[in-house]
Amino acid sequence: MTKHENLETTLVTGAVQHDYEAKSGAVNVPIYASSTFDQENFDSFGPYDYSRSGNPTRDALEKLIAKLENGTRGFAFASGIGAISASLLTLNVGDHIVVTNEVYGGTYRFITTLLPKYGITHTFADFTDLEAVEAAVQDNTVVLFAETPANPLLGVTDIRGVVAIAKKHGLKTFVDNTFMTPLYQKPLDLGADVVLHSATKFLGGHSEVIAGLAVTKKDDELGKAIYAIQNGMGGILGPHDCFSVIQGIKSLHARLEMSSKNALTIAEFLQQQEDVLEVFYPGLPTHPGYDIHQAQSTSAGAVLSFKLPNRDFTKVFVESMQIPIFAVSLGGVESILSYPVTMSHAAIPQAEREKRGITDGLLRLSVGLEHVEDLITDITQALEKAKTAVTVK
Ligand SMILES: *Cc1c(COP(=O)(O)O)cnc(C)c1O
């Protein structure tokens, strides 16, 4: 890679440029479907011995994501939660973490139900309020865990601010960068130590693979510790899935630019609808995190959420929508409408959920690649049907 190469170029070519002795001219990274590797002789072994420990297709993806995030080591896991859990399992008994209130439901479940079994405790804090983050730091705190923009209300965390608190107290900063991808936000450049991804979402981009990635800033103890968990606990991503993610990453720029542009148009449209009580999108100047987001990211992304009057209204609305699929997940080429209460955030108890603003009328929309006017027409007719069916008090 030359110094002048732009990230968009690296997305497409980054994985194919390192490798391979046997140059076939293939434009894609080969899928090395091999669990083991024949060693040349008794004394000297090649770079790979067994695919849990290392696989050339996985290597290509791991190097690619490390390069895209400006990190040094990348790790591919069987899911985003696999990457998140492996990174947190580098901690020790007695350690404590401070976690953003607005955290992905599966991360919440891991931190609240599994980590305590290993003697790792946590405190949730409002990461949109840096004083609250610092106030939650204890003597045994080792990690501040941020997600920005977050799920599902698109709360924005000041990454530089969190990093400053971490540095002051000698802590590490982990950032879940799933919503932005390295195309729009590079937490390691802002001082974070570990970046995490559900590659199931925008990086994969076609709703065909479950995958997770972790990247460390340095190849220091933390990088070695994550590798030890990856190899020692075994939650690796298989070569076929690594291939899918590499292919997805190639079109990330074209997909995400279009989806983000359409998301802004839809967010602005929703803001003008009288039955839409609130719109959450970091690209709207009315969003409380707008300025901070602008200072650390280059786009607001393709996910937004909005509040409808109540559960009944929301049900009719969802059942009337024709283009988006109604499903968990996000980041696909198809628009995905989800109901956080029973989907992504079902793992969070109701009282906690409501405290976090995840109410019965909240919907999340991940904007895909359909024509934006078709999506707006669809939303318009669904709002009308819901209004007719339900008397709004
Ligand atoms: C989906 C998601 C995860 C979990 O990833 P999986 O691939 O589903 O395990 C983590 N963080 C965020 C922000 C997500 O959207």
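How much space lies in the second largest pocket? In this predicted model, the second largest pocket holds about 420 Å³ of space. A pocket here is an open set of points on a 1 Å grid over the protein atoms alone, where a 1.4 Å probe fits and protein lies on both sides within 12 Å along at least five of seven lines; lining residues have an atom within 4 Å of a point. The volume is the space filled by probe spheres set on the points, which are joined across faces, edges and corners.

The lining of this pocket comprises 25 residues, of which Ile 81, Tyr 104, Ser 198, Lys 201 and Ser 329 are the closest to the centre. Domain 1 (7-250) and domain 2 (253-389) each contribute at least three residues to the lining; the bounds come from an automatic or database domain assignment.

Attention now turns to the ligand. It is surrounded by 15 residues, the closest being Gly 80, Ile 81, Asp 176, Thr 200 and Lys 201, where a residue counts if one of its heavy atoms lies within 4 Å. Polar contacts are pairs of N or O atoms within 3.5 Å. A polar backbone atom of Ile 81 is 2.8 Å from a ligand oxygen atom, and a polar side-chain atom of Ser 198 also lies 2.8 Å from an oxygen atom of the ligand. An N or O atom in the side chain of Asp 176 is 2.7 Å from a ligand nitrogen atom.

Residues are numbered from 1 along each chain as its sequence is written. Local features need pLDDT of at least 70, side-chain atom pairs count only at pLDDT 80 or more, totals for chains, interfaces and linings use all residues, and side-chain values use heavy atoms, with hydrogens and water left out.

Methods. Polar contact = N/O pair within 3.5 Å; in protein donor to acceptor, adjacent residues only side chain to side chain.
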